[in-house]
Amino acid sequence: MTYAFLHLRRGRWSVFVALLGEPDWPSLSFTGTAAPTVEERSRALTLLGYAVTDGVEWSWTEASERLDEPTSAVVLIAKMPVAPLVGGAS
């Protein structure tokens with residue numbers, strides 16, 4: 001299964017599609033500091049050649065920028081399964 005990830009790191013939101021065995025993953029960064037809306041994320045994935053799986057929501061988690069360091073900055077990460085668009089960029 002292919003997953004898209006959305007993350008906030010150092011004040012910047014990005015979305016990328018994780019492709020196992022591939023050195024370069026399709027990605028886009030968003031402008032502004034507000035979290036991109038569901039519609040903005042969907043459009044970004046379409047530009048990358050992927051479609052949101054119907055009925056599935058983004059699942060969110062929180063991580064530390066540096067593992068095992070309690071004072072480390074928080075990194076927000078969301079993921080959801082995606083499918084390549086027919087004739088898309090994948």
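A residue is called buried when its relative accessible area is under 20%, exposed when it is over 50%, and partly exposed in between, using a 1.4 Å probe and protein chains only. By that scale Ser14 is buried, because its relative accessible area is 14%.

Before we go on, a word on the model. This is a predicted model, in which local features need pLDDT of at least 70 and side-chain atom pairs count only at pLDDT 80 or more, while totals for chains, interfaces and linings use all residues. Residues are numbered from 1 along each chain as its sequence is written, and side-chain values use heavy atoms, with hydrogens and water left out.

**The chain as a whole**

Let's start with the overall layout. The chain has one helix and six strands, where helices (H or I, at least four residues) and strands (E, at least two) are DSSP runs numbered from the N terminus.

Along the principal axes, the C-alpha atoms fill a box of roughly 45 × 30 × 25 Å. The radius of gyration is 14 Å, which agrees with the value near 12 Å that a compact globule of 90 residues would have. This radius is taken over C-alpha atoms, and the globule rule is 2.2 Å times the number of residues to the power 0.38.

Of the 90 residues, 28% count as buried. The accessible surface of the chain comes to about 6,000 Å², and 55% of this surface belongs to carbon and sulfur atoms; such areas come from the Shrake-Rupley method with a 1.4 Å probe, and for residues only the protein chains shown count as cover.

Among contacts with a separation of 6 or more, 45% are between residues 24 or more positions apart.

**Two residues of strand 2**

Ser14 sits in strand 2, which covers residues 12–18. Leaving aside residues up to four places away in sequence, Ser14 touches Phe5, Leu6, His7, Leu28, Ser29 and Phe30. With one of these neighbours, Ser29, the side chain of Ser14 makes a polar contact of 3.1 Å. A polar contact is a pair of N or O atoms within 3.5 Å; within protein, one must be able to donate a hydrogen and the other to accept it, and residues adjacent in sequence count only if both atoms are side-chain atoms.

Arg12 belongs to strand 2 as well. Arg12 counts as partly exposed because its relative accessibility is 46%. Again not counting residues up to four places away in sequence, Arg12 touches His7, Ser29 and Phe30.

**The helix and a loop**

Helix 1 spans residues 38–47 and includes Thr46. Thr46 counts as partly exposed, at 44% relative accessibility. Leu47 is in helix 1 too, and Leu47 counts as exposed because its relative accessibility is 66%.

Asp68 lies in the loop between strand 5 (59–64) and strand 6 (74–84). Asp68 is exposed, at 82% relative accessibility. Its backbone has a positive phi of about 60°, although Asp68 is not a glycine.

**Pairs along the chain and in space**

Here are some pairs, with C-alpha to C-alpha distances.

| Pair | Apart in sequence | Apart in space |
|---|---|---|
| Arg12 and Thr31 | 19 residues | 7.5 Å |
| Thr46 and Ala4 | 42 residues | 11 Å |

Methods. Contact means heavy atoms within 4.5 Å.
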